[in-house]
Amino acid sequence: MEKFFKLKENGTTVSTEIVAGITTFLAMSYIIFVNPALLSQSGMPSQAVFLATIFASAISTLFIGIFANVPYALAPGMGLNAFFTYTVVFSLGFTWQEALSMVFICGIFNVLITVTKVRKELIRAIPEFLQHAISAGIGVFIGYIGIKNSGLLQFISDGANIIAVNGQPATTESFPGGIFNVVTNSGIVPELIKFTNPSVFLALFGLFITVILMIKNVKGAILIGIIVTSILAIPLGVTDLSTINFADNSLSSSFAEFGKTFMVIFKPEGIPSLFGDMSRLPIVLMTIFAFSLSDIFDTIGTFIGTGLLSGIFTTEDLNNLENSTGFQSKMDKALFGDAIGTFFGAILGTSNTTTYVESAAGIGAGGRTGLTSVATAVMFILAMFVSPFLGLVPAAATAPSLIIVGILMLSSVKEIDWNDFSIAVPAFFSSIFMGLSYSISNGIAAGFISYGIIKIAKGEAKDIHPLVWGSIVLFIMNFAILALI
């Protein structure tokens, strides 16, 4: 194990890696329940998606850990699963089987651009200051997720600001099946909650406990904070044991339903149906493009944001991208490991599988090699048998770990020359806007586009790498496509 994962070379130990893997899993375990809840709205069988989520996460995470020896975890991406349900199925009218087929094609496309070096060349083309801005932006994004999950914020929207409910005009009087989402305009305003909720106090307690442990350099500080906070949640009533059905074992019924999604893309209702009506071809291609663009840049942002700061990817690794062939560098292998995730996920029956930004929680706990990913993958498989117990870990217990990691990652801002306004503008949009728009790819898009505009204004357009120019055009096209569909 020491020789395979090169633990000493990476300054880590078996125990540290396992703790980091468990920490990553706890930070992202919500996807096991959230993904089936979202995708089932499209008509997919919920229990089948439950298994598909676990298998896709475990297989992809295990693959990237063993193949690339990096401490990242993969799972069906939040945002991408919402796009799958609300846009592709609800708005565009595709069946969930056809939507899964698009995800599969997206996976093939991602593999191709990774094998042909397009993806890694894009990483090399990103200016150094933007790489630091993306890293800081990931910190803002993760920290914001933690603050939101802590319940510290509430959002107020007057009736006049509500645009749509359940994808229907806000004037609709009835909503059969219940309300799943509300879309409002920018009139919505965040504000600090009133401190009356025990869950908020629990999150604050967990935050300060973890901060103290970090200051005292206690090993496994983040995981200890999660465990202590989860235990305290029971007497505080945040975790209600009576609502957790420990006796329920629906694994057999889940496997019975799993056949409905597994490899359904190759059945008549899958890919053949998707391309059965050629009049839909333009919208099919545009949707696949939208899937791919978000997937690609979410991953690039995560790798740059967490990998460079922690030393998982060194400057040498990035330099090797230029001269390496095949999968010789660590970054080459990591990009391929991520690309193959969506391929696995679509076959199993879930939306795009991507590298999770919550991997930063495990990295913050000391994870530096693929052994962290192996531990996370094992936890996903175990979750299949002990899923009721996951209810013992509330969001208030994992939220502090995300805030801590966000704080650590913000150190990248010191590498940016904020006195140079032409650098400060795209750096601001890449970092701050990433958190405010709740999207890594949107933050990168805003940074790229503003960077291009500034370079044109300065008469330095030729200094921008062709791949960055291509990305700017694709981002603008993507925004246009999303507006149309």
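In which helix is S359 found?

Reply: S359 is found in helix α16, residues 359–364. Helices here are DSSP runs of H or I with at least four residues, strands are runs of E with at least two, and both are numbered from the N terminus. The model is predicted, so local features need pLDDT of at least 70 and side-chain atom pairs count only at pLDDT 80 or more, while totals for chains, interfaces and linings use all residues. Residues are numbered from 1 along each chain as its sequence is written, and side-chain values use heavy atoms, with hydrogens and water left out.

With a relative accessible area of 0%, S359 is buried (buried means under 20%, exposed over 50%, partly exposed in between, with a 1.4 Å probe and protein chains only). Apart from neighbours within four places in sequence, S359 is in contact with T24, P71, Y72 and A73, where contact means heavy atoms within 4.5 Å.

Turning to the aromatic side chains, the structure holds 18 aromatic pairs. Rings of Phe, Tyr and Trp (its six-membered ring) pair if their centres lie within 6.5 Å; planes under 30 degrees apart count as stacked, over 60 as edge-to-face and the rest as tilted. F104 and F266 form an edge-to-face pair, because their ring centres are 5.4 Å apart and their planes stand at 80°. F104 lies in helix α6 (residues 96–115) and F266 in the loop between α11 (251–258) and α12 (271–274), so this pair ties together parts 162 residues apart in sequence. F104 is buried at 7% relative accessibility, whereas F266 is partly exposed at 42%.

F104 also pairs with F343: the centres are 5.3 Å apart and the planes are at 35°, so this pair is tilted. Since F343 lies in helix α15 (residues 330–348) and F104 in helix α6, the pair ties together parts that are 239 residues apart in sequence. F343 is partly exposed, at 25% relative accessibility. Ring pairs link F104, F266 and F343 with F63, F67, F336 and F344 into a cluster.

W418 is partly exposed, with a relative accessible area of 39%.
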